[in-house]
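Here's a quick look at how some charged side chains pair up.

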Amino acid sequence: MEEISRNYFAECSETQDVYYFGEEVDIYDDGEIVSHEGAWRAGQNEAQPGIIFPGGAFILGARYYQEIAPDVALDRAEHTGSDLDFSVPAGDYSSCVEITETTSLEKHEESIKYYCHGVGLVFDDDLELVLIFE
């Protein structure tokens, strides 16, 4: 199975917080859509916007909800590392941060992501940034 999702973000010009307003999800099996599991949109079915990445200072230990869609998506983030060097096939980066994500919908699941200054997301569990188009 494969998943393709379209995510909806907006950045606040005053705070530089990046808000997450939902995602459309298509799950494919043998080229056919078999599910939309995980889809949500703020304002529908009690879902609210979350923060995918806060602006301003990166404070170790800070926690916040990224997705707030009851019974669908309740991802939480915690700042677990800062000022890190990190290498992926696309390059070597400094001033990176580590964010650990969990969800109350899957109690023992954890996802680790690395974001690097001037680039954005470079590592997401077993996915790595391999190329930057300029």
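## E24 and R41

E24 makes a salt bridge with R41, and their closest N and O atoms sit 2.9 Å apart. The two residues come from distant parts of the chain: E24 is in strand β2 and R41 is in strand β4 (residues 40-41), a separation of 17 residues. Bear in mind that this is a predicted model.

How accessible are these two? R41 is partly exposed, at 33% relative accessible area. E24 is partly exposed as well, with 28%.

## R6 and its two partners

E24 also pairs up with R6, this time with 3.1 Å between the closest N and O atoms.

R6 has another salt bridge, to D26, at 2.7 Å from N to O. That one again ties strand β1 (R6) to strand β2 (D26), across 20 residues.

Is D26 buried or exposed? D26 counts as buried because its relative accessibility is 11%, and the cut-off for buried is under 20%. R6, on the other hand, is partly exposed at 32%.

## Putting it together

Taken as a group, R6, E24, D26 and R41 form a linked network of salt bridges. Walking through it, you go from D26 to R6, from R6 to E24, and from E24 to R41. Searching the whole structure turns up six salt bridges.

Note on methods: Residues numbered from 1 in each chain as written. Predicted model: local features only at pLDDT ≥ 70, side-chain atom pairs only at ≥ 80, totals over all residues. Heavy atoms only, no water. Salt bridge = Lys/Arg side-chain N within 4 Å of Asp/Glu carboxyl O. Buried < 20%, exposed > 50% of the residue type's maximum accessible area, 1.4 Å probe, protein only. Helix = DSSP H or I, 4+ residues; strand = E, 2+ residues; numbered from the N terminus.
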